[in-house]
Amino acid sequence: YALDYYKDALKIQEKLEPLNHPSLGETYYNVALMYQSTGDLAAALSYYEKALEIQRKALPPTHPSLATTYSDLGHLLCSMGNYEKALSHVKEALDIQSNALPSNHPSTARSQYFMALILNQLERYE
């Protein structure tokens, strides 16, 4: 149900808002989360990438929302077995978070956890 409402909202936003509007990026991000939660990883990937494209244009480069999208996209890519790309995205998230958030922020901890998952998959245990 939530996915249907997000997609309906997205249709309206795409007609009314500029294509680089932050709220449009947020809706794409939420649709990605819904697809990921249902197991449709390919659709989730597509929506995360659209969200990231908009957020890169609409938000400052150190915006926490941008970091969240990088982190979650990295986690998805890890789930899909694309570990090197996942690693790159989570590193980007951590770079943003180190500049934008306190070192003990829960979002930073979450990204560090994702980094550990990816490095474990790559057998980079050190």
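Arg124 and Glu84 pair up in a salt bridge (a side-chain nitrogen of Lys or Arg within 4 Å of a carboxyl oxygen of Asp or Glu), with their closest N and O atoms 2.8 Å apart. The pair links distant parts of the chain, 40 residues apart: Arg124 sits in the segment after α6 and Glu84 in helix α5 (residues 83-100). This is a predicted model, where local features need pLDDT of at least 70, side-chain atom pairs count only at pLDDT 80 or more, and totals for chains, interfaces and linings use all residues. Residues are numbered from 1 along each chain as its sequence is written, and side-chain values use heavy atoms, leaving out hydrogens and water.

**Salt bridges**
- Searching the whole structure turns up three salt bridges.
- Arg124 is partly exposed at 32% relative accessible area, and Glu84 is partly exposed at 45% (buried means under 20%, exposed over 50%, partly exposed in between, with a 1.4 Å probe and protein chains only).
- Asp72 and Arg110 also meet in a salt bridge, 2.6 Å from N to O.
- Asp72 lies in helix α4 and Arg110 in helix α6 (residues 106-121), so this pair ties together parts 38 residues apart in sequence.
- Asp72 is buried at 3% relative accessibility, while Arg110 is partly exposed at 39%.
- Lys57 bridges to Glu53, with the closest N and O atoms 3.7 Å apart.
- Both Lys57 and Glu53 lie in helix α3, four residues apart, about one turn of the helix.

**Helix packing**
- The axes of α3 (residues 41-58) and α4 (residues 64-79) come within 10 Å and cross at roughly 155°.
- That makes α3 roughly antiparallel to α4 (angles over 145 degrees count as such).

Terms used. Axes are lines fitted to C-alpha atoms, for helices over the stretch in contact, and angles run from 0 to 180 degrees between N-to-C directions. Helices (H or I, at least four residues) and strands (E, at least two) are DSSP runs, numbered from the N terminus. Angles under 35 degrees count as roughly parallel, over 145 as roughly antiparallel, 65 to 115 as roughly perpendicular and the rest as oblique.
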